[in-house]
Number of protein chains: 2
Amino acid sequence: MTIKDKLPEELREKPASKRDPAAKKQALIKATLDTIAEIGITDTSVSRIIERAGLSRGMIHLHFGGKDNLLTVAAQQFSEQYYAEMDRMTDLGPNASPEDRVLAVIEADLSESLLNPRSTKIWHAFRGISSSHPGIARYSSTQDERLVSTLRQAFDELEKVGCYPPNHAEDATSGTLALLEGMWVNYLTDMAGFSRERSVDLICRFLSGLFPGSFLR
Amino acid sequence: MTIKDKLPEELREKPASKRDPAAKKQALIKATLDTIAEIGITDTSVSRIIERAGLSRGMIHLHFGGKDNLLTVAAQQFSEQYYAEMDRMTDLGPNASPEDRVLAVIEADLSESLLNPRSTKIWHAFRGISSSHPGIARYSSTQDERLVSTLRQAFDELEKVGCYPPNHAEDATSGTLALLEGMWVNYLTDMAGFSRERSVDLICRFLSGLFPGSFLR
DNA sequence: ATCACTAATGGACGATCGTCCATTAATTGT
DNA sequence: ACAATTAATGGACGATCGTCCATTAGTGAT
């Protein structure tokens with residue numbers, strides 16, 4: 001912990017000029033993700049990445065120890081950014097109904113800021129190579145612990161109100177995530193024909209079947 | 001059309017020995033898919049493919065005109081095989097109830113013969129590169145026309161029985177496919193923890209919410 | 001101003017990439 | 001038996017891959 005870290009944000013970002021390892025690392029990560037989104041993961045080479053980042057050839061080995069590590073770190077950061085934005089968008093007040101909290105997750109996941117051409121391409125690219133890159137596989141699952149438990153808690157509360165068969169909240173959680181997964185695939189496959197609103201409505205219709213009286217629109 | 005083509009199957013497959021373009025093409029396609037499943041699409045090179053097929057270097061260019069074309073043909077054939085097997089498994093008698101026909105699709109899609117380590121890895125690998133390979137994108141959608149209309153027809157019949165809001169059958173169709181999509185992702189992500197039976201049950205629970213009285217187990 | 005230190009550069013390296021083609025081998029037709 | 005035809009081979013090719021390191025340049029301390 002240096003003294004720099006205690007300064008306010010504006011001053012901390014001063015160096016900016018020639019020497020700034022952290023900024024360079026970040027530039028490489030961003031360049032990696034942008035390259036994947038633009039030309040695909042198979043054509044994302046060290047040359048393409050450093051070219052886009054405007055840096056020199058040795059930087060990847062210097063800062064990450066190799067291309068594979070850079071890819072893994074990029075996947076990790078991409079995943080973290082998704083969940084950070086998801087948190088930001090689902091941070092309702094303490095009095096929000098469980099129904100509203102579920103709806104917030106669905107609408108966030110299908111919103112422009114999370115579901116867009118760039119993110120979908122990157123997400124599916126990483127998932128496509130995940131089975132042969134164990135390090136990346138860890139960040140290509142939808143089953144993020146916190147997201148699951150957010151949904152689970154909300155469905156648990158809804159379950160208490162009525163009388164439901166066993167595992168109802170658990171199935172509702174898994175099913176909602178699966179439906180969202182399917183919507184992302186639909187978006188990747190046909191961006192022009194995709195409608196966020198219709199997708200939300202569709203998921204709500206399924207949920208209102210599970211919890212009669214709720215999720216009606 | 002040579003005389004060979006008129007001979008019975010057993011005799012037609014005779015050549016088998018040194019010269020057999022069709023068999024060699026097929027061997028290359030199979031080797032391609034196997035390689036993708038085993039070491040991932042990024043490491044699937046011409047060398048790895050011909051090595052696995054036990055053929056010589058020039059074959060890919062000779063029979064397919066290049067690696068990209070081979071990849072596209074492999075994706076196409078993989079997709080066709082999926083739908084052929086799906087057809088085979090959902091070919092119920094003419095008196096099957098709509099409910100049974102929907103169930104047959106779900107159980108087929110989640111069966112060992114369609115959903116297994118090899119097929120999931122290949123499927124997601126192709127989808128991951130689909131945005132940068134337009135030729136492959138055509139075969140990486142779940143929205144196969146015939147499968148959609150099979151489900152759609154069954155849900156239409158179920159819809160007639162009761163009284164439902166507009167677009168009910170359409171939403172049931174999209175939602176079912178989305179749920180299946182999500183189940184494939186779950187399988188890819190965690191094969192050991194995946195249960196086909198629980199997955200079928202989960203989808204049925206969602207569908208019985210949509211069509212009260214049906215899909216109960 | 002000088003020094004020690006580390007960020008950053010960019011070219012060299014061997015390996016592998018995908019394509020192509022001159023050659024060889026197998027088959028067919030006469 | 002002898003062309004004619006076509007399948008198949010396997011090495012050569014230039015391009016590009018990812019890694020590595022000797023060198024240069026910027027920074028902060030004295």
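Which side chains meet in a salt bridge at 3.5 Å, N to O? In this predicted model, the side chain of Asp171(B) is paired in this way with that of Arg205(A). A salt bridge with an N to O distance of 3.5 Å also links the side chains of Asp171(A) and Arg205(B). Asp171(A) belongs to helix α10 of chain A and Arg205(B) to helix α11 of chain B, so this pair joins two chains.

Chain A contains 11 helices and 0 strands, and its pattern along the sequence reads α-α-α-α-α-α-α-α-α-α-α. Taken along the principal axes, the C-alpha atoms of chain A fill a box of roughly 65 × 40 × 30 Å.

The contact between the chains draws 43 residues from chain A and 43 residues from chain B. About 3,100 Å² is buried between chain A and chain B, with carbon and sulfur atoms giving 67% of this area. Polar contacts between the two chains number 8 residue pairs, with both residues at pLDDT 80 or more. On the side of chain A that touches chain B, the elements giving two or more residues are α7 (117–130), α10 and α11 (196–210) of chain A. Helix α10(A) supplies the largest share of that side, namely 16 residues. By class, the residues of the side of chain A that touches chain B comprise 16 nonpolar, 20 polar and 7 charged.

The axes of α10 (residues 168–189) of chain A and α11 (residues 196–210) of chain B come within 10 Å and cross at roughly 90°. An angle from 65 to 115 degrees counts as roughly perpendicular, and α10(A) and α11(B) therefore stand roughly perpendicular to each other. On the α10(A) side, the residues that meet α11(B) are His168(A), Glu170(A), Asp171(A), Ala172(A), Ser174(A), Gly175(A), Thr176(A) and Leu179(A). Their counterparts in α11(B) are Arg198(B), Leu202(B), Arg205(B) and Phe206(B). This contact of α10(A) with α11(B) has 4 nonpolar, 4 polar and 4 charged residues. Among the residues listed are Asp171(A) and Arg205(B), whose side chains form the salt bridge described above.

Key: Residues numbered from 1 in each chain as written. Chains lettered and ligands numbered in written order. Predicted model: local features only at pLDDT ≥ 70, side-chain atom pairs only at ≥ 80, totals over all residues. Heavy atoms only, no water. Axes fitted to C-alpha atoms, helices over the stretch in contact; angles between N-to-C directions. Helix = DSSP H or I, 4+ residues; strand = E, 2+ residues; numbered from the N terminus. Parallel < 35°, antiparallel > 145°, perpendicular 65-115°, else oblique. Contact = heavy atoms within 4.5 Å. Nonpolar A, V, L, I, M, F, W, Y, C, P; charged D, E, K, R; others polar. Buried area = accessible area lost by both parts, 1.4 Å probe. Salt bridge = Lys/Arg side-chain N within 4 Å of Asp/Glu carboxyl O. Polar contact = N/O pair within 3.5 Å; in protein donor to acceptor, adjacent residues only side chain to side chain.
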